[in-house]
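User: I'd like to learn how to read a few features of a model, one at a time. Could you take me through this one?

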Amino acid sequence: MKPLTLPPLNALRAFESAARHLSFTRAGEELFVTHGAISKQIKTLESYLNVSLFTRQHKQLSLTLEGERYLRHISSALQSIGQATEELRSQPGIAQALSINVLPSLTINWLIPRLEEFKARHPHLYVDLSIGDFQVDFKRDKYDVAIRSATVRPSHCHVLKLMDEDLCLVCAPQLAEQIKTLKDINRQTLLKHTTRPELWPLWAEKVGLRLTTDKMLGMEHFYMLSQAAVSGMGLALLPRFFIEKELAEGSLVIPLNTQFISPYSYYVLTPNATKSEGAEPSASERPLKAQAFIDWLLEIFAPYRHGAKKTNSS
């Protein structure tokens with residue numbers, strides 16, 4: 001039997017939703033992606049088919065004759081796929097294991113409180129979550145997805161940049177009363193990330209402060225630093241996404257606005273590269289269970305991904 005010739009499935013989903021709504025924006029809302037991502041998927045599909053599927057005039061979107069004919073076939077096909085998938089998912093014992101290895105601080109303070117939302121969306125996935133900050137070798141370590149931070153883009157696997165690291169100067173409210181200018185920082189204890197000892201000097205250079213204090217307290221993880229800062233033990237440099245709850249509650253405050261993007265970025269890593277080493281795969285090249293988790297990550301990290309959006313193509 002001759003193999004079927006199929007277009008990219010994500011592009012089909014984007015087309016079906018956009019054609020049903022006659023709106024890229026509403027399709028993006030339905031599929032939890034941006035208007036631009038829908039537009040890109042439609043262009044990919046039109047290029048693959050070598051036909052125009054939509055007519056775009058005066059901000060009005062309508063289907064071409066080819067688009068209308070294609071939609072009739074695609075809608076029924078996607079519906080059949082969806083029904084078949086739900087039948088399998090509803091059967092007991094069909095659950096798939098999704099093995100995820102994540103940085104310790106990211107896991108404890110950020111990911112675990114949100115995992116119930118992911119599980120509610122994908123009840124057929126059994127999540128096996130572990131922590132680590134070692135270099136991942138997917139041939140040895142049987143993970144489906146890993147999240148790491150690094151100053152250099154990782155290699156030997158598929159790589160998707162999640163976001164840059166936006167560090168905030170924070171402390172407990174009672175300590176903030178003593179900090180009116182940058183010079184006041186030299187009278188405080190600095191909470192130092194021991195595996196990133198360069199962060200305070202880099203921050204000081206960025207904001208134009210000559211550090212003279214020798215009062216330092218070292219800790220290995222951001223989670224430990226955040227707890228020490230909440231306890232009033234000193235000033236810390238912490239990722240904005242990591243302390244959103246503490247900032248909202250007021251247990252941590254930003255005494256001085258000093259924007260600082262650290263040299264570190266966060267990356268989502270997946271195994272089994274089919275292109276060149278380190279290349280970004282398209283969504284269709286990743287296993288569906290890994291892509292489901294990555295799609296969810298991109299959604300919840302969207303407010304923090306300004307830097308990544310400029311560099312990612314998928």
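User: Let's start with Val136: in which loop does it lie?

Analyst: A word on the ground rules. This is a predicted model, so local features need pLDDT of at least 70 and side-chain atom pairs count only at pLDDT 80 or more, while totals for chains, interfaces and linings use all residues. Residues are numbered from 1 along each chain as its sequence is written, and side-chain values use heavy atoms, with hydrogens and water left out. Helices (H or I, at least four residues) and strands (E, at least two) are DSSP runs numbered from the N terminus. On that basis, Val136 sits in the loop between strand 4 (125-131) and strand 5 (145-150).

User: Is Val136 buried or exposed, and what does it touch?

Analyst: Buried means under 20% relative accessible area, exposed over 50%, and partly exposed in between (1.4 Å probe, protein chains only). Val136 has 11%, so it is buried. For contact, look for heavy atoms within 4.5 Å. Leaving out residues up to four places away in sequence, Val136 touches Asp141, Tyr143, Ala146, Arg148 and Leu269.

User: Arg148 makes me think of pockets. What is the volume of the second largest pocket, and which residues are closest to its centre?

Analyst: The search uses a 1 Å grid over the protein atoms alone: a pocket is an open set of points with protein on both sides within 12 Å along at least five of seven lines, and lining residues have an atom within 4 Å of a point. Points are joined across faces, edges and corners, and the volume is the space filled by probe spheres set on them. Here the second largest pocket comes to about 500 Å³. It has 27 lining residues, and the closest to the centre are Leu103, Asp133, Arg148, Ser149 and Ala150. Helix 5 (104-111), strand 5 and strand 10 (260-270) each give two or more residues to the lining.

User: How do I read a salt bridge, and how many are there?

Analyst: You want a side-chain nitrogen of Lys or Arg within 4 Å of a carboxyl oxygen of Asp or Glu. That rule gives 12 salt bridges. Take Arg20 and Glu16, with N to O at 2.9 Å. Both are in helix 1 (residues 9-21), 4 residues apart, about one turn of the helix. An α-helix has 3.6 residues a turn, so residues three or four places apart point the same way. Arg20 is partly exposed at 45%, whereas Glu16 is buried at 15%. Glu16, Arg20 and Glu30 are also linked in a network of salt bridges.

User: Which parts does the salt bridge between Arg240 and Asp166 tie together?

Analyst: The side chains of Arg240 and Asp166 meet at 3.0 Å, N to O. Arg240 is in the loop between strand 9 (236-239) and helix 10 (244-249) and Asp166 is in strand 6 (residues 158-170), so the pair ties together parts 74 residues apart in sequence. Arg240 is partly exposed at 35%, and Asp166 is partly exposed at 22%.

Notes: 1 Å grid on protein atoms, 1.4 Å probe; cavity = no way out; pocket = protein on both sides within 12 Å on 5 of 7 lines; lining within 4 Å.
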